[in-house]
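The following note sets out several points for a colleague who is examining this model. Please read each one alongside the sequence and the coordinates.

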Amino acid sequence: MKETAKNKNKHGLMTTCIHAGNRHDDVHGAIATPIYMTSNYRLPTDGTPVDWSGIHSDIYLRNGHTNQFVLQDKLSAIEGAEDCVVLASGVAALAAVFTTFLKAGDHVVVSQVCYSATSILFHELLPEKYGMKVTFVNSANLEEVKAAITPETKLVHIETPGNPTTEIADIAAIAASAHAVGAMLTIDSTFASPLLQKPLALGADLVIHSMTKYINGHGDALGGAVLGSTALIDKIKTQAMVNFGGIISPMTAWLICRGLATLPLRMKQYCQTGMKVAQFLENHPAVRFVYYPGLDSHPQHELAAKQMKGFSGMMCFDIKGDETAHTKFLSALTLICHAVSLGDLESLIVYTQPDSPKMQYYPEIFRDGFFRFSLGLEDAEDIIADLQGAFAAAGLA
Ligand SMILES: *Cc1c(COP(=O)(O)O)cnc(C)c1O
């Protein structure tokens with residue numbers, strides 16, 4: 001098994017996404033890395049000692065496997081990270097980070113706008129089971145984040161852009177504050193993908209991606225990744241992968257590699273359509289507000305422009321009109337589907353109603369209800385026409 005281009009960052013991004021990490025098959029000459037669906041491997045019979053809980057050798061699927069290694073090497077090369085671990089879901093990756101680096105009673109600072117499972121982990125599970133102390137912050141407000149970080153703080157976890165609001169946090173400034181007290185900074189960079197921002201280069205200790213979203217990009221597989229130094233990543237592999245069992249399956253790792261190969265092309269399209277659709281919405285008289293980091297009107301647009309290379313296809317907006325108008329708008333969409341998840345081939349939209357308990361964490365303007373909109377790769381004109389049809393159906397055209 002030959003490694004073809006592991007971690008060679010001298011290539012361009014498209015080349016890296018296609019070639020990095022691939023293992024060519026010396027037996028059959030297959031170009032595509034085969035899928036190794038086996039749960040166990042032959043052990044040495046010559047007395048060589050076996051490292052039963054190892055993370056590198058071929059012993060048992062949960063200790064690590066070739067399709068996982070290909071994906072990890074590809075992602076490390078793209079993100080510019082020393083190392084990577086991929087696990088069964090984005091949430092498994094987040095839980096892996098928190099359970100590996102936190103102890104009972106530790107103090108953590110967390111963005112109040114964050115993915116629902118992260119929110120439940122820090123509001124309920126970790127405090128209730130392990131007595132962790134958590135301070136939630138508006139991570140777009142740097143002074144508030146700095147004030148929350150104390151000498152007791154062990155970890156700062158920030159989502160930027162935040163899901164769902166697309167609020168942006170200043171990664172470099174927060175890294176400096178966290179490191180000043182010896183705390184780690186972990187960034188959930190799912191909305192940006194490894195292409196649009198580099199949290200590690202800005203000082204974060206670990207970056208986390210739900211690969212289910214842009215990295216896989218085809219809406220057909222679940223996975224999560226953590227990237228950072230080998231010292232930190234090896235700890236996650238030993239604890240969360242081997243001993244807590246969060247391993248990804250070979251089939252899923254292979255599928256995600258296939259999706260990842262075209263990420264630069266897809267992301268270019270998301271960014272282009274994102275700007276067109278955000279501008280269309282902003283100029284529509286029936287739109288109450290739009291949050292898209294690429295628009296001048298986004299409250300952290302300047303920071304986003306400094307910290308990110310592009311703004312992806314994630315935005316939030318709301319229409320003027322009562323709940324009936326919202327229902328009519330949603331049900332009139334024909335291409336755009338009312339469904340969770342994001343970064344898919346298909347355009348997906350989710351409506352959050354004004355009475356949702358999560359609203360308290362979101363900016364004032366969101367609290368009358370809003371749509372989180374994940375653009376797909378359809379033609380921009382078709383997406384806009386679908387929205388126009390829905391405005392008309394809701395009596396808002
Ligand atoms: C979807 C998502 C997750 C969770 O990922 P899964 O793969 O669904 O477990 C975590 N963080 C963000 C920002 C997400 O959008």
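1. The ligand sits in the largest pocket. Here a pocket is an open set of points on a 1 Å grid over the protein atoms alone, with protein on both sides within 12 Å along at least five of seven lines; a molecule sits in a pocket if more than half of its atoms lie within 2 Å of its grid points.

2. The model is predicted: local features need pLDDT of at least 70 and side-chain atom pairs count only at pLDDT 80 or more, whereas totals for chains, interfaces and linings use all residues. Residues are numbered from 1 along each chain as its sequence is written, and side-chain values use heavy atoms, with hydrogens and water left out.

3. Around the ligand there are 14 residues, of which Gly 90, Val 91, Asp 188, Thr 212 and Lys 213 come nearest (a residue is near if one of its heavy atoms lies within 4 Å). Helix 3 (residues 90-101) supplies the largest share of this shell, three residues; helices (H or I, at least four residues) and strands (E, at least two) are DSSP runs numbered from the N terminus. By class, the shell holds four nonpolar, seven polar and three charged residues, where Ala, Val, Leu, Ile, Met, Phe, Trp, Tyr, Cys and Pro count as nonpolar, Asp, Glu, Lys and Arg as charged, and the others, Gly among them, as polar.

4. A polar backbone atom of Gly 90 is 2.8 Å from an oxygen atom of the ligand. A nitrogen atom of the ligand lies 2.7 Å from a polar side-chain atom of Asp 188, and the side chain of Ser 210 has an N or O atom 2.9 Å from a ligand oxygen atom. The protein covers 94% of the 380 Å² of accessible area that the ligand has on its own (Shrake-Rupley method, 1.4 Å probe).

5. Five strands form an open sheet of mixed pairing, in the order 10-11-14-13-12; two strands pair if DSSP finds at least two bridges between them. Strand 10 (287-291) and strand 12 (337-338) are at the edges with a single partner strand each, so one side of each has no neighbour in the sheet. Strand 10 pairs with strand 11 (residues 314-319) in the antiparallel sense over four bridges, and Val 290 stands opposite Phe 317 in strand 11.

6. Some backbone geometry deserves a check. Most residues other than glycine have a negative phi, and most peptide bonds are trans. The Thr 160 to Pro 161 bond is cis, with omega near -10 degrees, and the Asn 163 to Pro 164 bond is cis, with omega near 10 degrees. Pro 161 is in the loop between strand 6 (153-159) and helix 6 (171-180). Ser 193, in helix 7 (residues 193-196), has a positive phi of about 65 degrees although it is not a glycine.

Definitions and conventions: Polar contact = N/O pair within 3.5 Å; in protein donor to acceptor, adjacent residues only side chain to side chain. 1 Å grid on protein atoms, 1.4 Å probe; cavity = no way out; pocket = protein on both sides within 12 Å on 5 of 7 lines; lining within 4 Å.
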